[in-house]
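Here are a few notes to read alongside the structure. Keep the viewer open and find each piece as you go.

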Amino acid sequence: MAAGGLSFRNITALAPMVRVGTLPMRLLALDYGADVVYCEELIDIKMAQCRRVVNDELETVDFVAPDDRVMFRTCERERHRVVFQMGTADPDRALTVAQLVEKDVAAIDVNMGCPKEYSTKGGMGAALLSEPDKIEAILRKLVTGVSIPVTCKIRILPSLEESVALVQRIEKTGVAAVAVHGRFKDERPRHPVHCDYIEAVCRAVSVPIIANGGSLDLVKTHADIEEFRKATGASSVMLGRAAMWNASVFSSRGPLPVETVMEEYLRYAIRYDNHTFNTKYCLCQMLRDKVESPLGKQVQAAQTNAEISEAYGLQHFYQQTQDQLRAKRDALPGGGGTETERPVLDGDVTTMAVKFERREYPPHITPKMFLLEWSRKEKADQPLYRTEQRAQDRAFQATVTAAGRKFRSSLWEKSKKFAEQAAAIVCLRVLGIPEGRIGEEDSGLVCKRKREGKANGAADEERSKKRHVADVQQETEASQATASGEQLRAASR
Ligand SMILES: Cc1cc2nc3c(=O)[nH]c(=O)nc-3n(C[C@H](O)[C@H](O)[C@H](O)COP(=O)(O)O)c2cc1C
């Protein structure tokens, strides 16, 4: 498929799903036979603050927030297949974001289906359904402002006539397709899908309609996809939950055991350095009622992608991938390091641009532990951390005082804990003290504490496991994501 020429006729698509529709799931869906994959909904205000970064190590393009969080990661493999879905209520902002990602994706979609108050309050999602003028303004702006196809995803309106009239109006904006989720705004995912509404819309317009909403009662196997298409008379079909539970539903060769699908998913998560929490979330959705099985418990207890890999017997693949990525990083100009990784004096504080990457350290080991042990050994004062939070994005930055000097990372972190770890790393690197990274020569610095950590660790681990199980259960029951931040809060549709 050529860039800009993505067709929405006779296709099967992975639906946009917050948290689920990140890069590993999208690539997996493509492997199994999906023609088009939608990313999770990303909110325009957040995306507009992102910068585009070419990640040579992972061979991805990342859209990175001011706090250095990767909001959207994509790669060449999906460039002509991925649809970027945004949450927006503002034509200008929508265009800014669309133009930011335009070269890296195949199409732009606007979410007009989220019925939750936090989304509708901002005028986004399903709130747009009662504002056809705004829908038109957003879509027209996008259609004329970008060179790739524009689509939108709606829910049905209270009557057939209203639903048809809305899609007819949308069609006139020049969109390339409309995904119709066959449920009313106030219906829950468990309610039956209204195929007759989708059918009425299909009959009234010539723009391709992508039928959506069949996962629970209609689409269980690959053959059911065609049945759903026929039942709605739609050009195409979009699958959400059926794909989330077992992405091999896209395969014409029949379903694969979910264990195989989870393993394939995890390989992509490792390869593309997917965020551990996101990896766990997706695996838990696939585990479904097995989330309390021994494997499920191991996944929930894991704190790193390395630990998740162990649960699936993929530790060798994990290590091999890490080695390959490290070798690639080292081969990059400047060894993958940047100018900003050199220490710079900012007043009386020595700063460096470093981030705390959990995956780079063994479980139970942190740079803060190394710094504390070193201070004890040197009979120096205990390291003292001072953290500040900035208002605009609630990111954290910490300064540590150790060895009579102050150290800070110039990069902001999403949590206080990570900010302190980053400050500790700066201190350790500047002073030339081992920091406990995987692959670093064993300094013996934290052996004692590690043992203590293990003794106390059981209780801590149990507590954190319980917390996580509660989180996951809540999320699984809701079948949707609920985490901090607008993007994650926008999960319940
Ligand atoms: C976990 C989850 C997250 C979702 N996130 C989004 C989203 O980001 N954008 C969107 O338009 N719909 C979202 N939805 C709704 C789905 O795209 C889809 O419309 C819905 O699940 C019905 O399709 P299905 O029956 O195939 O699951 C989400 C659904 C689920 C289960």
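The points below take the ligand, then a sheet, then a pair of helices.

1. Before anything else, remember that this is a predicted model.

2. Start at the ligand. There are 27 residues around the ligand, and A15, E41, S215, G240 and R241 come nearest. What is the shell made of? It divides into 11 nonpolar, 11 polar and 5 charged residues.

3. Now, why does the ligand lie between domain 1 and domain 2? Residues of the shell come from both domain 1 (12-256) and domain 2 (258-337 + 447-481), so the ligand sits between them.

4. Next, look for an open sheet of 3 strands, in the order β4-β5-β6 with antiparallel pairing. Its edge strands are β4 (51-55) and β6 (70-74), each of which pairs on one side only. From one strand to the next, the twist averages 25 degrees. As background, strands of a sheet pair through backbone hydrogen bonds, either parallel or antiparallel.

5. Zoom in on one pair of that sheet. Strand β5 (residues 60-64) runs antiparallel to β6, and 4 bridges join the two. A handy spot to check is V64, which stands opposite V70 in β6.

6. Last, the helices. Two packed helices are described by the angle between their axes and the distance between the axes. For helix α15 (residues 367-377) and helix α16 (residues 416-431), the axes come within 8 Å and cross at roughly 50 degrees. That angle makes α15 oblique to α16. As for handedness, α15 passes α16 in a left-handed crossing.

Note on methods. Residues are numbered from 1 along each chain as its sequence is written. This is a predicted model: local features need pLDDT of at least 70, side-chain atom pairs count only at pLDDT 80 or more; totals for chains, interfaces and linings use all residues. A residue is near a molecule or strand if its C-beta atom, placed from the backbone, lies within 6 Å of it. Ala, Val, Leu, Ile, Met, Phe, Trp, Tyr, Cys and Pro count as nonpolar, Asp, Glu, Lys and Arg as charged, and the others, Gly among them, as polar. Domain bounds come from an automatic or database domain assignment. Two strands pair if DSSP finds at least two bridges between them. Axes are lines fitted to C-alpha atoms, for helices over the stretch in contact, and angles run from 0 to 180 degrees between N-to-C directions. Angles under 35 degrees count as roughly parallel, over 145 as roughly antiparallel, 65 to 115 as roughly perpendicular and the rest as oblique. A crossing is left-handed if the near helix is turned anticlockwise from the far one by less than a right angle, and right-handed if clockwise.
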